[in-house]
Amino acid sequence: TAPTEIYPLSLHDALPISDKALCMGYVIGFHDGNKAGWLDVKGPKQFCRPKSANNSQLMDVFVEFLRRRPDVRHHPAVVLAHFAFVNAWPCPAGGSR
């Protein structure tokens, strides 16, 4: 998914709820896909979401990253989501599981 497709959907309050839901679904799917992938990987996790963080907070982290970093919006959405979560929720040394 191109960032130009995700970014406008996530930021404009005037957009229909269906467009915002599309963006949230992408962000949650990215997170859950990574979480499932970690079950089979022996290396350290890339980010450590707090147990108290809910799906709305996933979206908030992603949108805030895009707002603060217009210089990186040309990257694919998967890269942007990864860096948003890594910056917001870095893992302790060793990427505890």
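Does Phe 85 count as buried or exposed, and at what relative accessibility? I looked this up before anything else in the model, which is a predicted one, and found that Phe 85 has 0% relative accessibility and therefore counts as buried.

**Entry on aromatic rings**

I searched the whole structure for aromatic pairs and noted 4 of them. One is formed by Phe 30 and Phe 47, whose rings are stacked, with 6.4 Å from centre to centre and 20° between the planes. I then checked where the two partners sit: Phe 30 belongs to helix H2 (residues 17-38), while Phe 47 lies in the loop between H2 and helix H3 (55-68), so that the pair links distant parts of the chain, 17 residues apart. Both Phe 30 and Phe 47 are buried.

I also looked up Phe 85 and Trp 89, where the ring centres are 5.6 Å apart and the planes stand at 25°; because planes under 30 degrees apart count as stacked, I recorded this pair as stacked.

**Entry on the nonpolar core**

I turned next to the largest nonpolar core, which has 19 residues. Phe 85 and Trp 89 came up again here, as they are among the residues with the most contacts inside this core, along with Val 27, Leu 58, Phe 62 and Leu 80. I asked which helices supply it, and found that H2, H3 and helix H4 (77-88) each give at least two residues. The largest share, 7 residues, comes from H3.

**Entry on cysteines**

How many disulfides does the structure hold? I found 1 disulfide, and it joins Cys 48 to Cys 91 with an S to S distance of 2.0 Å. The torsion about the S-S bond of Cys 48 and Cys 91 is about 105°, and I therefore noted the disulfide as right-handed. Cys 48 is placed in the loop between H2 and H3, whereas Cys 91 is in the segment after H4, so the pair ties together parts 43 residues apart in sequence. I checked the accessibility of the two partners as well, and both Cys 48 and Cys 91 are buried.

Technical notes. Residues numbered from 1 in each chain as written. Predicted model: local features only at pLDDT ≥ 70, side-chain atom pairs only at ≥ 80, totals over all residues. Heavy atoms only, no water. Phe/Tyr/Trp six-rings, centres within 6.5 Å; stacked < 30°, edge-to-face > 60°. Helix = DSSP H or I, 4+ residues; strand = E, 2+ residues; numbered from the N terminus. Buried < 20%, exposed > 50% of the residue type's maximum accessible area, 1.4 Å probe, protein only. Core = buried A, V, L, I, M, F, W, Y, C linked by side-chain atoms within 4.5 Å. Disulfide = S-S within 2.5 Å.
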